[in-house]
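Please have the sequence and the model in view while reading.

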Amino acid sequence: RKQLALELTCESIRLSIIDEVPNELLYVSLDGLAFSLSEGVADAELDAASEVDQAVPTKYEQKLSFRIDHVQIDNQRYNTAFPVLLWPISAEPDQPFFEISLTRDVSLSRPFVYLTNVGLRLAPMNVRLDEESVRAYVSFFDIVQLPDAEQRSGGTIDEFEHASLMPLAEGRGGKMFVETLSVSRVQLRVSVKRSASGFDHFSLNPLLTVFNTLTMLLINIDDAPVSFRPLHRKSFFCLAAELEQFAMRHYRSEVWRVAL
């Protein structure tokens, strides 16, 4: 059976985002990037082999992980109220800012992708926004109304969330089975500065709508704690688009929970 181990590291990446004027909008600093990919005997099999001499492994897995140790996004707009838009709250030295890991069982040939674990973790962070900067970012990225989730997935969110496990024969067509999905709690400390006029309350832009909803009762917000609950699910079949839809529904409901 083939064995594979690949590791790529990058000390830092710097990105400067400039609009058509040109004006620099954002300066993004990423430090301590690491990517790893491996395939071989599963960890549980290695532990068993260490206890029993000449044990023959029967379970093989692929592992993929990506991490960023530190992220900072600077607001480069002239006269902004907040020169730093995003940076991590002080954390433990060995705690990365962002980390994602996937483990796939490749012991058998299956008509679907078998993921034993999907994990994503974000460290607590500070976020500071002012209205004029948000307008500039939205204009630059040309964000429009998101497509209807049901049209993209071919089914409703509720149908996916409450469906029981599909029969194995239906696990074809690019589907995957996930044993454990775990996304950590997202913790923010948010500061917002709005202009006296505020946003158009009836804006169709989703980002502006969320921003307006979260701040409609206040002109300014200063270091407000915001927490989005973790996302966990076990033992389910899905398409990648359905998994994305499920996650979006969770965080959309969390945004409204926090706002209300």
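## A buried cysteine and its core

In this predicted model, Cys238 has a relative accessible area of 0%, and because burial requires a value under 20%, Cys238 is classed as buried. Cys10, by contrast, has a relative accessibility of 30% and therefore counts as partly exposed. The structure contains zero disulfides.

## Overall make-up

The protein has 260 residues, of which 36% are buried, and its secondary structure consists of six helices and eleven strands. Among contacts with a separation of 6 or more, 74% are between residues 24 or more positions apart.

## The nonpolar cores

The largest nonpolar core has 28 residues, and the members that touch the most others are Leu26, Val71, Ile73, Leu85, Leu86 and Leu188. At least two residues each are supplied to this core by strand 2 (24–41), strand 3 (60–75), strand 4 (84–88), strand 7 (125–130), helix 2 (131–141), strand 9 (186–193) and strand 10 (220–228). Strand 2 gives the most, with five residues.

Ile73 shows how such residues meet across the sequence: when neighbours within four places are left aside, Ile73 is in contact with Leu26, Tyr27, Val28, Val84, Leu85 and Leu86.

Terms used. Residues are numbered from 1 along each chain as its sequence is written. This is a predicted model: local features need pLDDT of at least 70, side-chain atom pairs count only at pLDDT 80 or more; totals for chains, interfaces and linings use all residues. Side-chain values use heavy atoms; hydrogens and water are left out. A disulfide is a pair of cysteine sulfur atoms within 2.5 Å. Buried means under 20% relative accessible area, exposed over 50%, partly exposed in between (1.4 Å probe, protein chains only). A nonpolar core is a set of buried Ala, Val, Leu, Ile, Met, Phe, Trp, Tyr and Cys residues joined through side-chain atoms within 4.5 Å. Helices (H or I, at least four residues) and strands (E, at least two) are DSSP runs, numbered from the N terminus. Contact means heavy atoms within 4.5 Å.
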